[in-house]
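Please read the numbered points alongside the model.

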Amino acid sequence: MELRVLRYFLTVAQYQNMTKAAHELLVSQPTLSKQLSDLETELGAKLFTRGHRQITLTQEGEYLRARAREIVQLVDQTAANIQADQVITGRLSIGAGESVGMKRIMKVVSEIIQAYPDVKIHLVSGNADEMETALKHGTIDFAVLMGKRDLKKYNYLNLPEVNTWGLVIKKNDPLATKDVITPSDLIGLPLLVSEQALEEHTFQDWWGNLDEKMNIIGTFTLVFNAQLMVNQGNTYMIIFDHLINNSNSNNLVFRPLSPALTEPTNIIWKKNIVQSKVAQLFIKRLTASLN
């Protein structure tokens, strides 16, 4: 079936008259009649019942009209999108650690996927150094970084979500009665801390001269796995707020550190490269969400 012939068919179905349809289509009536007769021969079905003054559709003709409308509409919309430079497709790759700021990012991504079903998302987990390296190598389009870092060589957006450090403990632990956790509260406790935070000496200034009294028994990269250990034994974990997984948090609570220790959330991407249309759309919508 040719698209042109489907348009002829739909016009005849609309006017129910061969002469009027031919006039609308700017073709001769004999030409139009032959095109539709050939269509019936191709499909092996009678599409019209030809009366003296009016043409009506057969059951097969009604079925074809419904499908032909969908086909023509899809073709017209596709052509319009291409001509208007509105084709959004491809893969969007985002690398990130665990942060409350990801809620905003995932909301934007979900809205894009809903509006443009051909877009695919690829999420990569890792610490800031790993994600920055992946961005440099081009294996991801965007990297979400927590903490104070030199971002001059990147394009970036600072998200309003601030990451607050605190202690995850069992509800029945004596420390759970406190509103905040001070450095002296942690002396001698078996602590799990973020591997990246330990490497970057994140807590050095916070606990100051009590550093040697801190009992760091292990590090982690994923909060989910580490909190399982906290849930099972006499262990404590220092993490960002809002990261306790609900399926494992019934026995756990979060208490912020005092003095407060926070880190910003930034999303970065390379400078001086042509971004894909889906990446441009992501930047545009994420920026709009900040206003």
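**Notes on the predicted model**

1. Leucine 26 is exposed, with a relative accessible area of 76%; the classes used throughout are buried for under 20% relative accessible area, exposed for over 50%, and partly exposed in between, with a 1.4 Å probe and protein chains only. Leucine 26 sits in the loop between helix H2 (18-25) and helix H3 (29-43). Its phi is positive, about 60 degrees, although leucine 26 is not a glycine. Helices (H or I, at least four residues) and strands (E, at least two) are DSSP runs, numbered from the N terminus.

2. On provenance, this is a predicted model, in which local features need pLDDT of at least 70 and side-chain atom pairs count only at pLDDT 80 or more, while totals for chains, interfaces and linings use all residues. Residues are numbered from 1 along each chain as its sequence is written, and side-chain values use heavy atoms, with hydrogens and water left out.

3. Asparagine 272 is another residue other than glycine with a positive phi, near 60 degrees. Asparagine 272 is located in the loop between S11 and H10, and counts as exposed at 80% relative accessibility. A further backbone feature is the cis peptide bond from serine 258 to proline 259, with omega near 0 degrees. Proline 259 belongs to the loop between strand S10 (252-256) and S11. As background, most residues other than glycine have a negative phi, and most peptide bonds are trans.

4. Turning to the overall form, the protein contains 10 helices and 11 strands. Its radius of gyration is 31 Å, well over the 19 Å that the globule rule gives for 291 residues, so the protein is more spread out than a compact globule. The radius is taken over C-alpha atoms, and the rule is 2.2 Å times the number of residues to the power 0.38. The C-alpha trace spans about 100 × 45 × 30 Å along the principal axes.

5. Buried residues account for 42% of the 291 residues. The protein exposes about 16,400 Å², of which carbon and sulfur atoms supply 50%; accessible areas come from the Shrake-Rupley method with a 1.4 Å probe, and for residues only the protein chains shown count as cover. Among contacts (heavy atoms within 4.5 Å) between residues at least 6 apart in sequence, 72% join residues at least 24 apart.

6. What are the numbers of positive and negative side chains? There are 30 positive and 30 negative side chains, and the centres of the two sets lie 9 Å apart. Lys and Arg count as positive and Asp and Glu as negative, whereas His and the chain ends are not counted. Each charge is placed at NZ of Lys, CZ of Arg, CG of Asp or CD of Glu.

7. Strand S11 (residues 262-270) pairs with strand S5 (residues 142-146) in the antiparallel sense through 4 bridges; pairing requires that DSSP finds at least two bridges between two strands. Methionine 146 has threonine 265 as its bridge partner in S11. Strand S6 (residues 154-170) is also antiparallel to S11, over 8 bridges, and threonine 164 is partnered there by threonine 262.

8. Is strand S9 (residues 236-240) mostly covered or mostly open? S9 is mostly covered, with 5 of its 5 residues buried. S6 pairs with S9 in the antiparallel sense over 4 bridges, and glycine 166 has isoleucine 239 as its bridge partner in S9. By contrast, strand S7 (residues 190-194) runs parallel to S9, joined by 3 bridges, with leucine 192 opposite methionine 237.

9. Alanine 279 belongs to helix H10 (residues 277-289) and is buried, with a relative accessible area of 0%. Not counting residues up to four places away in sequence, alanine 279 touches Leu92 and Phe142. Its C-alpha atom is separated by 38 Å from that of leucine 252, 27 residues apart along the chain.

10. Lysine 136, in helix H6 (residues 128-137), is partly exposed, with a relative accessible area of 47%. Leaving aside neighbours within four places in sequence, lysine 136 is in contact with Lys153, Tyr154 and Lys270. The C-alpha atoms of lysine 136 and lysine 284, 148 residues apart along the chain, are separated by 22 Å.
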